[in-house]
Amino acid sequence: MDAKSLELLEFPQIKKILAGFTSFSASRQLALGLQPAADYQQVALLLRQSAEARNLLSIKPGFTIGGVQDIRQEAKMASVGKILTPQSLLDIQNTLTAFGQVHNTLKGLSAQMPLLWNIAADLMAFNEIATKIGYCLSPDGEVLDRASAHLANVRRQLVELRQQLRQQLEATMNTPRGREIIQEPFIVERDGRFVIPIKIEYRKEMKGIVHDVSNTGATLYIEPLAMVELGNTIREMTVEEKREVDRILQSLSGEIGKHEEEISSNIARIAELDLVLAKARYAHKIGAVEPALTGLSDDNEAVVTGTPRILKLANARHPLLGVTAVPLTVEIGRDFSVLVITGPNTGGKTVAIKTIGLLSLMTQSGIPIPASDGSQIPIFDGIFADIGDEQSIAQTLSSFSWHMGNVVRIINQATKKSLVLLDELGTSTDPVEGSSLAIAILHHFLSRRTMTVATTHFSEVKAFAHTTDGMQNASFDFDPKTLSPTYHLTIGTPGGSNALAIASRLGLPQEVIAEAQRLVPETRKQLETILDSLRIQEQEITALRDQLEKKRDEAIQQSEELETERQQCRVDISNMIQQARDTVTSEVAGLRRQVREAESELRKQKSRERLEQVKKAITTVAEQLKSEVLQSGDAVTDSTPNKESISIGDTAWLKEVGIKATVLSVSEERQEVEVQAGQTRIILGLEEIEKVTSPDGQPSVEYTQLSRGMTFRPVSRELDLRGKRASEIEMVLDGYLNDAAMANQAEVRIIHGFGTGTVRQIVRDFLATHPLVKSFRAGKRGEGGDGATVVQL
């Protein structure tokens with residue numbers, strides 16, 4: 001990016017502000033050294049990282065990188081054998097601990113924050129080293145006794161020796177002579193030696209070494225000769241203590257030095273992560289979002305988002321103006337690539353082009369921009385600006401020369417993928433030549449399809465933009481009532497400079513204003529009148545469009561409300577119909593239940609008559625069975641009934657009908673047996689049969705067959721009533737139960753489905769009173785659940 005343009009657009013100020021949101025020196029340096037990127041993939045990654053960081057801070061508002069410090073220099077010193085100070089080791093301990101905390105936190109959020117986790121995933125944990133430092137050092141940097149057994153032993157001896165020396169010195173001072181010669185009854189320390197303050201006049205009374213003299217010269221600090229040896233021992237032990245402390249610090253430093261590369265890599269990664277977090281904090285402070293990227297990829301010139309290179313800012317604000325900034329909405333690149341902004345002085349033109357340029361730089365640096373969602377910015381390979389005035393007397397550089405120098409540099413460097421911003425193009429020279437030069441420069445950028453935004457006061461430039469394809473006028477509105485700018489940008493209409501009105505508002509005498517108005521050429525007045533008329537028409541059209549859009553929105557809202565009410569009415573009607581159906585079905589079910597109860601009573605009354613009819617039918621069948629006993633070669637062995645116990649396979653005599661049958665099963669609990677006579681199965685009580693044996697005591701074997709004229713229709717073990725009318729259910733079910741009983745089915749399943757439960761209730765009410773039904777239950781898992789009923793006949 002063009003360094004001069006970065007300064008003109010005040011990008012260094014943004015970097016300083018961003019650096020204030022970082023947490024330590026390494027990330028601060030990254031922020032201050034930030035440069036806009038021109039690679040689409042890189043910019044897209046930076047913006048996605050920023051979005052993830054904003055999401056992270058919304059989930060965990062207090063998340064930080066902890067107490068990380070830039071310890072790369074200390075680690076490098078340790079790698080070459082330097083002994084680190086206890087405070088440096090404590091800083092390293094805090095940093096190593098923070099590495100692990102950041103790693104673990106983002107690991108737990110890796111699914112939600114994959115890009116941030118990608119930065120933190122390779123952070124190495126140095127828990128063992130951090131723990132070791134914490135074990136050896138106290139929080140204030142003192143090497144603890146537990147750091148080594150030798151250190152603890154030396155310090156214990158030092159305590160004992162010092163105590164011994166103090167006792168001897170106190171004994172010396174407490175003698176009658178000692179109390180006379182001492183200046184004060186205190187033991188003091190000089191250069192690591194314990195001494196007694198002696199009055200100068202008693203110097204000869206105390207043999208020993210003088211270590212110091214008071215400022216007044218009245219006191220000598222003497223170490224008694226008798227204690228010198230003990231003092232020497234203490235000094236030796238003190239030296240040994242320092243030697244052991246240095247050894248421990250050197251050991252800890254050596255552990256740091258072994259991992260210098262890994263620690264430096266961790267610092268670089270944590271600084272990168274902290275910079276992303278700083279962008280998120282800055283975005284929260286100024287209400288910023290990540291814009292969408294549009295346009296062409298640097299790799300293959302393919303359209304990335306399916307749109308051309310469009311720059312669209314919605315309610316964008318200059319980040320350095322804070323709450324005083326007036327939102328700017330502008331779009332360039334769809335129908336035109338060159339935008340010419342006109343309007344009154346102090347109306348916002350320069351701020352507008354600075355906002356466009358600065359927000360583009362922020363985007364390509366991965367910094368969210370203060371604008372609304374829906375903003376779009378393409379990737380520019382260069383952003384060039386000619387703003388302000390830096391004339392130099394020393395360099396004989398006029399304002400015009402300075403501007404032209406910038407324009408020349410921009411023309412030589414800009415491409416079709418660049419952004420060019422030109423403020424007051426063609427000024428500071430003859431107006432005719434300046435306007436011609438401005439038109440030629442703009443036409444050059446138009447022919448190269450370079451996205452360009454320029455401000456001007458030249459009417460000729462406005463007219464050229466109005467009549468040239470690919471160019472568009474825009475103006476900052478001016479309120480003629482208050483004679484002040486509104487700072488609102490209108491696309492499609494050129495604006496007037498309103499120099500006389502602004503001069504009048506600033507206090508220029510009216511007679512001067514009147515003289516200036518008289519000197520304005522008539523054609524210029526007519527042009528300004530036409531422009532004013534166009535602006536008024538544009539404002540009226542805009543107001544009318546706003547009214548129509550408002551009415552359209554109201555109509556859409558009313559249509560949606562009506563559709564919602566219509567849908568609710570449908571639901572209400574459906575609910576009412578269903579409720580009515582349920583009520584009718586319930587009433588019908590009640591009536592049917594009453595009918596079934598009545599039928600049950602009738603059945604009970606007719607049960608004796610039916611029983612007699614059944615007995616007669618069974619007798620007839622029995623006679624038929626007797627007549628069909630096989631006589632084809634096997635002699636029938638005489639057999640007689642007896643009272644022995646019945647077992648499966650035995651031949652039994654059916655007392656009621658006087659025929660023989662084979663026992664299939666025996667239930668002692670229910671005192672029942674199941675027998676088969678021919679192809680007919682019957683369940684009887686034990687008292688209704690007798691076991692039949694042959695004369696030799698063996699069970700009697702007899703073969704029978706039914707008459708060829710008798711046939712039994714096979715019956716399914718299931719009856720599916722789904723889809724049947726309620727009025728049909730009882731008749732179908734009754735016929736099925738009769739057929740199943742005649743086919744000797746012991747258990748059947750009735751499928752009725754779930755539905756509203758009406759069919760299920762009809763079935764179960766009917767089964768509860770049917771004479772052929774022994775019991776019934778809801779189906780189990782695998783049997784259809786409550787959508788089926790299993791019946792025991």
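**Walking through the model**

Modeller: The protein has 21 helices and 24 strands. Keep in mind that this is a predicted model.

Colleague: Okay. How many residues does the protein have, and what percentage count as buried?

Modeller: The protein has 793 residues, and 41% of them count as buried. Among contacts with a separation of 6 or more, 66% are between residues 24 or more positions apart.

Colleague: Which residues have the most contacts inside the largest nonpolar core?

Modeller: Leu96, Ile256 and Ile270 do, in a core of 48 residues. The elements giving two or more residues to this core are helices H4 (40-59), H5 (72-79), H6 (86-108), H7 (114-120), H8 (127-136), H11 (228-258) and H12 (260-286).

Colleague: Take Ile270, then. What is Ile270 in contact with, leaving aside neighbours within four places in sequence?

Modeller: With those neighbours left out, Ile270 is in contact with Phe24, Ile65, Val68, Phe99, Val102 and Leu123. There is also a second, separate core of 42 residues, and Phe11, Ala19, Phe336 and Ala371 are included in it.

Colleague: Now Lys279. Where is the place of Lys279?

Modeller: Lys279 is in helix H12. Lys279 is buried but has no salt bridge.

Colleague: How far away is the nearest side chain of opposite charge?

Modeller: That side chain belongs to Glu272, and it is 8.6 Å away.

Colleague: Which backbone oxygen lies 3.0 Å from a polar atom of the Lys279 side chain?

Modeller: The backbone oxygen of Ser365.

Colleague: Changing topic: how many aromatic pairs does the count come to?

Modeller: The count comes to one aromatic pair. Phe21 and Tyr282 form the pair, with ring centres 5.7 Å apart and planes at 50°, so it is tilted.

Colleague: And where do Phe21 and Tyr282 lie?

Modeller: Phe21 is in the loop between helix H2 (11-19) and helix H3 (25-32), while Tyr282 is in helix H12, so the pair ties together parts that are 261 residues apart in sequence.

Colleague: Is Tyr282 buried or exposed?

Modeller: Tyr282 is buried, because its relative accessible area is 2% and the cut-off for buried is under 20%.

Colleague: I also marked Arg317. Where is the place of Arg317?

Modeller: Arg317 is in the loop between strand S6 (311-316) and strand S7 (328-332). Its relative accessible area is 22%, so Arg317 is partly exposed.

Colleague: What is the separation between the C-alpha atoms of Arg317 and Ala371?

Modeller: They are separated by 6.4 Å, although the two residues are 54 residues apart along the chain. A polar atom of the Arg317 side chain lies 3.5 Å from the backbone oxygen of Gly287.

Colleague: Last topic, backbone angles. What is the phi of Glu10?

Modeller: Glu10 has a positive phi of about 65°, and it is not a glycine. Most residues other than glycine have a negative phi. Glu10 is in the loop between helix H1 (3-8) and H2.

Colleague: And what is phi near in Asp191?

Modeller: Phi of Asp191 is near 55°, also a positive value in a residue other than glycine. Asp191 lies in the loop between strand S1 (188-190) and strand S2 (193-199).

Key
Residues numbered from 1 in each chain as written. Predicted model: local features only at pLDDT ≥ 70, side-chain atom pairs only at ≥ 80, totals over all residues. Heavy atoms only, no water. Core = buried A, V, L, I, M, F, W, Y, C linked by side-chain atoms within 4.5 Å. Buried < 20%, exposed > 50% of the residue type's maximum accessible area, 1.4 Å probe, protein only. Helix = DSSP H or I, 4+ residues; strand = E, 2+ residues; numbered from the N terminus. Contact = heavy atoms within 4.5 Å. Lys, Arg positive; Asp, Glu negative; His and termini not counted. Salt bridge = Lys/Arg side-chain N within 4 Å of Asp/Glu carboxyl O. Polar contact = N/O pair within 3.5 Å; in protein donor to acceptor, adjacent residues only side chain to side chain. Phe/Tyr/Trp six-rings, centres within 6.5 Å; stacked < 30°, edge-to-face > 60°.
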